[in-house]
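Subject: A structure for you to explore

Hi,

Here is the structure I promised to pass on. Have a look around it first, and then read my notes below.

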Amino acid sequence: MNASDALASKLAPYRERPGVKAALLISHDGFLVASSADPGLDVDAVAAHLGGAIDIAARLADELAQRETRLITVELDELNVVLAPFSDELLLCLIGTRQAITLEYRLGGGRT
């Protein structure tokens with residue numbers, strides 16, 4: 001098993017959940033390293049677009065005097081996208097239906 005196959009095998013558990021359309025491993029500059037996705041999804045194009053989102057998030061973190069971006073989420077009409085650290089060098093991107101990938105937002109603290 002080569003390194004690419006080994007990385008792709010790590011994506012299999014994410015794809016077992018119904019509604020997860022894709023699991024990608026990408027570099028910090030948006031290059032696709034490994035993927036498991038539904039047919040017809042252009043994973044190279046998705047990774048390239050995510051490279052732009054990663055760059056924007058990094059610049060925003062810098063502007064706000066933060067060391068790094070820990071999580072990027074995008075909610076679309078029918079799909080949610082989550083981008084999170086996978087290793088020091090790779091990011092995990094999950095794309096799935098709203099039922100498969102649920103995002104919850106809460107404001108900290110109580111009301112006064």
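In which strand does Thr-97 lie? The answer is strand E5. Please keep in mind while reading that this is a predicted model.

Is Thr-97 buried or exposed? Its relative accessibility is 18%, and because buried means under 20%, Thr-97 counts as buried. Leaving aside neighbours within four places in sequence, Thr-97 is in contact with Gly-19, Lys-21, Glu-78 and Leu-79.

Now for the sheet. Strands of a sheet pair through backbone hydrogen bonds, and they can do so in a parallel or an antiparallel way. Here, 5 strands make an open sheet with antiparallel pairing, and their order is E2-E1-E5-E4-E3. At the edges are E2 and strand E3 (72-75), each of which pairs on one side only. On average, neighbouring strands of this sheet are turned by 10° against each other, if direction is ignored.

What packs on this sheet? Helix H2 (residues 43-63) does, and it touches E1, E2, E3, strand E4 (79-85) and strand E5 (90-97). The direction of H2 makes about 60° with that of E1.

Strand E1 covers residues 20-27 and strand E2 covers residues 32-37; the two run antiparallel and are joined by 5 bridges. Together E1 and E2 form a hairpin, with 4 residues between them. In the turn you will find Gly-30, which has a positive phi of about 90°.

Finally, a word on empty space. Rolling a probe the size of a water molecule over the atoms shows where such space is left. The largest pocket has a volume of about 250 Å³. It is lined by 15 residues, and the closest to its centre are His-28, Ile-54, Glu-68, Thr-69 and Leu-91. H2, E4 and E5 each supply at least two residues of that lining, and the largest share, 3 residues, comes from E4. What kinds of residue make up the lining of the largest pocket? They divide into 9 nonpolar, 3 polar and 3 charged.

Enjoy exploring!

Best wishes

Notes. Residues are numbered from 1 along each chain as its sequence is written. This is a predicted model: local features need pLDDT of at least 70, side-chain atom pairs count only at pLDDT 80 or more; totals for chains, interfaces and linings use all residues. Side-chain values use heavy atoms; hydrogens and water are left out. Two strands pair if DSSP finds at least two bridges between them. Axes are lines fitted to C-alpha atoms, for helices over the stretch in contact, and angles run from 0 to 180 degrees between N-to-C directions. Contact means heavy atoms within 4.5 Å. On a 1 Å grid over the protein atoms alone, a cavity is a set of points where a 1.4 Å probe fits but cannot get out, and a pocket is an open set with protein on both sides within 12 Å along at least five of seven lines; lining residues have an atom within 4 Å of a point. Grid points are joined across faces, edges and corners, and a volume is the space filled by probe spheres set on the points. Ala, Val, Leu, Ile, Met, Phe, Trp, Tyr, Cys and Pro count as nonpolar, Asp, Glu, Lys and Arg as charged, and the others, Gly among them, as polar. Buried means under 20% relative accessible area, exposed over 50%, partly exposed in between (1.4 Å probe, protein chains only).
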